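Work through the exercises below with the model open. Try each task before reading its solution.

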Amino acid sequence: MACRYCVREKTSEDMSTGVLYKTCDLAFFKGRNAGLIFFGGEPLLRKDLIYSALDYCEKKSHETGMPFGCKMTTNGTLLDEKFLARAKEFDMGIGLSFDGIGQDVARRFPDGSSSFALMEEKARLLLKFLPKSVALITIHPEACPMLFDSVKYLMKLGFKRISTVMAYGSKVTWTDKDLDVLRSEYNKIADLLRDEIKAGHIYSVSPLTSKIRECVQGKNPAEHCHLGVRQMPVTPKGDIYPCTSFLNDEEYYLGNVFDGLDAERVSNIASRNNTPDTCKECDLVGRCTNSCGCANRLNTGCEDKVSPLQCTYERMVIEIADRLGDEIYSCDQAVFCKIFGK
């Protein structure tokens, strides 16, 4: 595809089976369970490698007694019944990049043709096999007016879980007018969620519902992005980094799958406090993603510097999420606790 907001440099590099198996070994190296995320590029370009990884990890799980789980982020164009049947065996968590009715604003094929009809077909197929899959909306500024209708469309299609995120990076430009439209769309989504929950229909639309859950459970969203701890992306050559935004940056190199991790480098990066100085005294410091090195680097070029755009967005969604939480709690405290409680 030729997504207008894509921040990744496209290459023709492929991972070898040798690197793949060593990566799987790394996943089983320590801890109580092992996990892989198939990520690209487009991972389904190499279904054969995914099948090999699943077979290998299934064997490793039996040998070690360590549970194994897997996820994948895909644009969906190459999904088919054979792959989904295999993915279902492993209860694979699949995130489908699909912008709803705003799909063709930024997610067309290289020849400029529409991808919407194909994506609707693939989304239905995905939900047939894995109904808990997540629809991933990346919001292009020009698609802001379509966000509410896109969420409604995806709900009607069958998605119970939807994730929305702003398109960041040098390829997009957000204006104050765009942000006003985005606020209006999120407020309409909040009203829809409230009404659906009152009617007994439970949906998750992040970041609104996730902000409520994190607040109730006392969790800091920054925990989702802990450099050098939670995830360790592996390049096709086998080099290891703390996040996909830092690939091939020597400063963040953590080792490779053949020689192992550099413990000192991992410790140094994991111990960093990436909360920007400008955020430390903010009342919302524990509720926003200010310390996400990935987002910060995309927006400001520096892992510990948050952009005014991200700050504005986080304040917006927290405010709307808090209103939504208050309204759901006022309607039915038991339902609120069931959805968002510990």
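**Exercise 1: The largest cavity**

The largest cavity is lined by D99, G102, I137, T138, I139, H140, A143, L147 and S150. This is a predicted model, where local features need pLDDT of at least 70, side-chain atom pairs count only at pLDDT 80 or more, and totals for chains, interfaces and linings use all residues. Residues are numbered from 1 along each chain as its sequence is written, and side-chain values use heavy atoms, with hydrogens and water left out.

Task: find which elements supply the lining of the largest cavity.

Step 1. A cavity is a set of points, on a 1 Å grid over the protein atoms alone, where a 1.4 Å probe fits but cannot get out; lining residues have an atom within 4 Å of a point. Helices (H or I, at least four residues) and strands (E, at least two) are DSSP runs, numbered from the N terminus.

Step 2. Count and size. There is 1 cavity of 30 Å³ or more. The largest holds about 50 Å³ of space; a volume is the space filled by probe spheres set on the points.

Step 3. Assign. β6 and α6 each give at least two lining residues. The largest share, 3 residues, is from β6.

**Exercise 2: Around β6**

Task: trace how β6 is joined to β7.

Step 1. Two strands pair if DSSP finds at least two bridges between them.

Step 2. β6 (residues 134-139) has 3 bridges to β4 (residues 93-97), and the two run parallel. S97 has L136 as its bridge partner in β6.

Step 3. 6 bridges join β6 to β7 (residues 161-166), again parallel. V134 is partnered by R161 in β7.

**Exercise 3: The open sheet**

Task: explain why one side of β9 and of β11 is left without a neighbour in the sheet.

Step 1. The strand order is β9-β10-β11, with antiparallel pairing.

Step 2. β9 (239-240) and β11 (260-261) are at the edges with a single partner strand each, so one side of each lacks a neighbour in the sheet.

Step 3. Check one pairing. β10 (residues 255-256) is joined to β11 by 2 bridges. G255 stands opposite L261.

**Exercise 4: Contacts of F83**

Task: list what F83 touches, leaving aside neighbours within four places in sequence.

Step 1. Contact means heavy atoms within 4.5 Å.

Step 2. The list is L44, K47, I50, Y51, M72, M92 and I94.

Terms used
1 Å grid on protein atoms, 1.4 Å probe; cavity = no way out; pocket = protein on both sides within 12 Å on 5 of 7 lines; lining within 4 Å.
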